[in-house]
Amino acid sequence: MRIALFIIAVVLSSLPELMGQELEVDSAGIDSIPVATEVENKGLSEELAFSSYLVSNDLYDEAELVLLKLEQSEDLSDIERDSINFLLGSLHYYRQEFIEAVTHFKAVNHAGILQLKGDFMRAMCEIEMNQLDSAKHTLESLNLESNSNLKEFKAFMLEGVALLRRDYAGFDSLRNASVYTNYMYRSEHANFEAYYDEMSKYKRKSPFLAGLISAIIPGLGKFYAGYRGLPFGTMFMTIPLAAMAVEGLIIGGLLSPPFLAFGAVFSVFYIGAIWGSVLSVNALEQEIYAQFDHNIRFDMHVPLRRIL
């Protein structure tokens with residue numbers, strides 16, 4: 001099986017040469033030449049082409065074995081070592097091993113298209129690890145003044161970081177300064193606009209008010225916080241307990257066993273309803289922003305994979 005895949009990868013890497021044509025730069029402005037064809041050693045180029053093929057087909061363990069073996073080769077040129085590190089960083093990224101991925105992307109440190117790709121991928125790893133200040137610094141340090149397409153993509157990535165950092169003023173400044181025309185992330189940018197509108201208009205509920213409402217009508221504070229089903233369950237549990245405790249008090253007095261028993265259970269549920277309503281405000285807010293963050297990261301990942 002591996003031999004067949006190797007033959008396919010070698011043939012694919014040789015097509016431009018056989019056809020007498022040069023590979024072109026894609027519309028996003030990132031060099032579309034496969035990593036493996038950028039090295040001088042023909043045998044190593046074929047091995048890297050095979051590794052790139054494995055990574056693109058999600059065969060990460062197999063690719064890692066090949067690349068780690070290549071990494072031990074002597075007399076590797078800068079571009080060859082950069083190619084190996086870029087592919088190792090890529091497979092760690094796709095396996096969500098972001099610390100290892102960052103280490104390899106940082107090792108792609110010779111000026112050129114691979115370093116540019118590595119810096120974009122490193123920023124995405126830092127975003128996934130919630131190191132948003134580092135990701136912002138990584139992206140802002142990219143000098144892309146001579147490439148309008150990549151400058152536009154950099155602004156798109158910085159917009160995503162601004163939303164994740166809840167920096168709405170920064171997002172607004174970036175979107176006003178950029179015009180997004182590239183189809184590869186046009187729809188994702190439209191999603192960013194929608195997230196911005198929803199997040200910037202979100203009004204945080206008051207935990208104190210939620211607790212106060214539940215003190216008056218147990219459980220209703222959760223309805224105020226935003227939970228629609230839970231309040232009524234709490235209400236239906238506490239009100240009958242209160243009624244039975246009152247009945248025990250009227251019939252048997254303060255020291256009657258029914259009043260003490262039902263009163264104690266009611267007190268537990270009543271205090272729990274108040275405290276639960278207070279906590280529910282923060283809990284729901286965290287759920288809302290966690291969903292936003294997931295969607296933002298996904299909308300950054302998809303065009304990144306299309307382009308790189």
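The legends below describe close-up views of a predicted model.

**View 1. Packing of helix α6 against helix α7.** Helix α6, spanning residues 113–128, packs on helix α7, spanning residues 132–140, at an angle of about 165°, and the axes of the two helices lie 8 Å apart. Because angles over 145 degrees count as roughly antiparallel, α6 and α7 are therefore described as roughly antiparallel to each other. The crossing in which α6 passes α7 is left-handed.

**View 2. Residues at the contact of α6 with α7.** From α6, the residues Asp119, Phe120, Arg122, Ala123, Glu126 and Ile127 meet Leu132, Ser134, Ala135, Thr138 and Leu139 of α7. By class, the residues of this contact divide into six nonpolar, two polar and three charged.

**View 3. Surroundings of Thr138.** Thr138 belongs to helix α7 and is buried, with a relative accessible area of 3%. Leaving aside residues up to four places away in sequence, Thr138 touches Asp119, Arg122, Ala123 and Glu126.

**View 4. The largest nonpolar core.** This core has 44 residues, and those with the most contacts inside it are Tyr93, Phe120, Met157 and Met300. At least two core residues come from each of α4 (78–94), α5 (98–107), α6, α7, α8 (148–164), α10 (186–201) and α14 (257–307), with α8 giving the most, namely 10 residues.

**View 5. Met157 and its contacts.** When residues up to four places away in sequence are not counted, Met157 touches Phe120, Met124, Ile127, Leu139, Met300 and Leu304.

Note on methods: Residues are numbered from 1 along each chain as its sequence is written. This is a predicted model: local features need pLDDT of at least 70, side-chain atom pairs count only at pLDDT 80 or more; totals for chains, interfaces and linings use all residues. Side-chain values use heavy atoms; hydrogens and water are left out. Axes are lines fitted to C-alpha atoms, for helices over the stretch in contact, and angles run from 0 to 180 degrees between N-to-C directions. Helices (H or I, at least four residues) and strands (E, at least two) are DSSP runs, numbered from the N terminus. Angles under 35 degrees count as roughly parallel, over 145 as roughly antiparallel, 65 to 115 as roughly perpendicular and the rest as oblique. A crossing is left-handed if the near helix is turned anticlockwise from the far one by less than a right angle, and right-handed if clockwise. Contact means heavy atoms within 4.5 Å. Ala, Val, Leu, Ile, Met, Phe, Trp, Tyr, Cys and Pro count as nonpolar, Asp, Glu, Lys and Arg as charged, and the others, Gly among them, as polar. Buried means under 20% relative accessible area, exposed over 50%, partly exposed in between (1.4 Å probe, protein chains only). A nonpolar core is a set of buried Ala, Val, Leu, Ile, Met, Phe, Trp, Tyr and Cys residues joined through side-chain atoms within 4.5 Å.
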